[in-house]
Amino acid sequence: MNWRVRQIIIIISLLAGGLASCHITKPYRSPGINDTQLYRDINTTDTNTIATLHWKEIFTDTLLQQLLEEGIQHNLDLQVAWSRVRQAQASYSQSRQALYPAINGDASAILAGASNQANTGRSVIPRQLGAELTANWEADIWGKLRSTKRAYLASWLQANANAQAVQTALIANIANNYYNLLALDQQLHITQQTVVNWQATVEVMKELKKADVVTGAAVVQSEASRYAAEVTIPDLKQSIRQTENEINLLLGRISGPIARSTLDAQQPIMLLKTGVPTQLLANRPDVQAAEYNLRYYFEQTNVARTYFYPALNISASGGYTTYLSLTGPGSWLSNLTAGLTQPIFNRGLNKARLKIAQEQQEQAVLGFRTAVLGAGQEVSNALYSYQTAQEKSNSRRLQLQNLQLSVEYTQELVRYGFANYTEVLNAQQSLLGAQLGKINDHLQQLQAIVFLYRALGGGWK
């Protein structure tokens with residue numbers, strides 16, 4: 001490299017450094033989460049949160065753990081999400097290359113007597129050989145390329161956060177469907193047992209009719225009640241089958257039965273720590289993705305600003321040419337040029353580009369705010385749902401005790417003619433409703449834990 005070339009490079013480097021000090025682009029600052037009252041009726045400074053627990057510490061049923069493991073390995077949506085991460089990573093790697101010169105090589109040969117050789121079929125011998133390398137480089141004076149690189153980095157991080165959000169949703173969906181399946185199993189068992197009890201009541205009513213204690217209306221009414229309970233069994237079986245199919249779909253496998261435990265065997269964790277709202281940004285992937293989206297458009301706004309300023313392009317070329325003869329050696333050729341391209345009139349394109357980028361950035365700000373508010377709402381709803389299920393448990397237990405006694409008492413009273421048959425039927429129907437209600441209470445408690453765990457951002461670490 002001769003002294004003139006070195007001088008040009010030094011001057012260009014100094015020029016680029018001086019112009020870059022103008023700070024056309026701006027540094028990104030995270031908006032953070034400043035809402036201390038984001039969780040309704042929850043005011044705590046305790047930073048302990050169940051979001052930091054591994055999902056195996058939340059879901060202790062070993063059969064459920066096996067399903068969750070399989071889902072993480074084979075769920076199709078999660079595989080697509082990680083594929084997008086790899087795609088975004090490749091785009092980021094490509095954006096980094098823009099900071100370096102683009103180098104191209106070219107080789108050429110001039111053939112001697114090409115037209116005659118085609119007729120004779122003899123080999124063609126080159127007369128002149130040449131090789132040339134060209135390099136083009138845009139100096140990143142205003143930070144356009146660096147901002148572009150940071151935008152692609154944000155896009156990569158956003159894709160990664162989205163994949164983590166898919167995993168948290170997957171774990172919640174599998175667990176939710178699993179608990180729902182256990183509840184359906186127990187509802188089916190209770191209903192089938194109720195049908196057996198109703199059939200016993202029908203037989204009792206028939207005997208009492210023979211003894212003229214009750215009328216024929218009592219018999220047919222008790223039979224109708226028995227069929228009313230029995231008719232729900234096919235629907236329960238259908239719901240069980242559909243829930244099994246839904247779990248299989250989440251696992252990425254064909255439809256089939258699901259190995260499972262029982263609802264009574266599920267013991268929910270009791271200490272539900274929410275932490276503080278500011279931790280959502282560190283724990284909840286979709287909130288992180290919303291911020292990375294904001295960061296992406298912030299950097300795109302930076303890029304849009306740089307189009308108002310001149311671009312410095314540097315190109316260099318060098319090559320070697322030789323003649324295949326005895327008349328003389330080959331020769332080296334080199335060239336280095338640099339130029340500034342100043343935008344003067346571009347039909348308002350640069351202004352429009354900046355305006356669009358600014359509006360997209362503002363939309364991303366609103367999207368981040370929406371994600372934060374939505375997360376706070378989900379945490380509040382899930383925690384209150386859990387508290388509601390707990391509050392109902394004691395009342396439900398007492399309700400079941402009294403309804404069981406009511407059924408026993410009315411059955412005895414009817415036998416001795418001291419009660420109407422409708423009292424027996426009403427007591428049995430109320431008992432069935434309370435038994436199904438208890439199942440729903442337990443299910444609500446378990447699902448509230450699932451939703452709270454996901455709302456706080458648990459399941460991806």
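Axes are lines fitted to C-alpha atoms, for helices over the stretch in contact, and angles run from 0 to 180 degrees between N-to-C directions. Two packed helices are described by the angle between their axes and the distance between the axes. The model is predicted: local features need pLDDT of at least 70, side-chain atom pairs count only at pLDDT 80 or more, and totals for chains, interfaces and linings use all residues. Residues are numbered from 1 along each chain as its sequence is written, and side-chain values use heavy atoms, with hydrogens and water left out.

The chain has twelve helices and four strands. Helices (H or I, at least four residues) and strands (E, at least two) are DSSP runs, numbered from the N terminus. Of the 461 residues, 39% count as buried. Buried means under 20% relative accessible area, exposed means over 50%, and partly exposed lies in between (1.4 Å probe, protein chains only). Contact means heavy atoms within 4.5 Å. Among contacts between residues at least 6 apart in sequence, 83% join residues at least 24 apart.

Helix 6 takes part in two of the helix pairs described here. The axes of helix 6 and helix 7 (residues 216-230) come within 9 Å and cross at roughly 170°. Helix 6 is therefore roughly antiparallel to helix 7. Angles over 145 degrees count as roughly antiparallel, under 35 as roughly parallel, 65 to 115 as roughly perpendicular and the rest as oblique. On the side of helix 6, the contact includes T191, W198, M205 and K209. Helix 7 contributes residues including G216, E223, R226 and E230. By class, this contact of helix 6 with helix 7 has seven nonpolar, seven polar and five charged residues. Ala, Val, Leu, Ile, Met, Phe, Trp, Tyr, Cys and Pro count as nonpolar, Asp, Glu, Lys and Arg as charged, and the others, Gly among them, as polar.

Helix 6 (residues 144-210) also meets helix 12 (residues 421-455). Their axes come within 10 Å and cross at roughly 170°. That makes helix 6 roughly antiparallel to helix 12. The contact of helix 6 with helix 12 holds 18 nonpolar, 15 polar and one charged residues. Q447 lies in helix 12. Q447 is buried, at a relative accessible area of 15%. Leaving aside residues up to four places away in sequence, Q447 touches N176 and N180.

A further pair is formed by helix 10 (residues 285-306) and helix 11 (residues 349-415). These helices pack at an angle of about 165°, with their axes 8 Å apart. Helix 10 and helix 11 are therefore roughly antiparallel to each other. Their contact divides into 14 nonpolar, seven polar and three charged residues.

The largest nonpolar core has 70 residues. A nonpolar core is a set of buried Ala, Val, Leu, Ile, Met, Phe, Trp, Tyr and Cys residues joined through side-chain atoms within 4.5 Å. F59, Y179 and M205 touch the most other members. Helix 6 gives the most to this core, with 17 residues. Not counting residues up to four places away in sequence, F59 touches L64, Q65, L68, I171, A175, Y179, V450 and Y453. Another core, of six residues, lies apart from the largest one. Its members include L403, V407, L431 and A434.

L405 is placed in helix 11. At 35% relative accessibility, L405 counts as partly exposed. The C-alpha atoms of L405 and L431 are separated by 9.8 Å, and the two residues are 26 apart along the chain.
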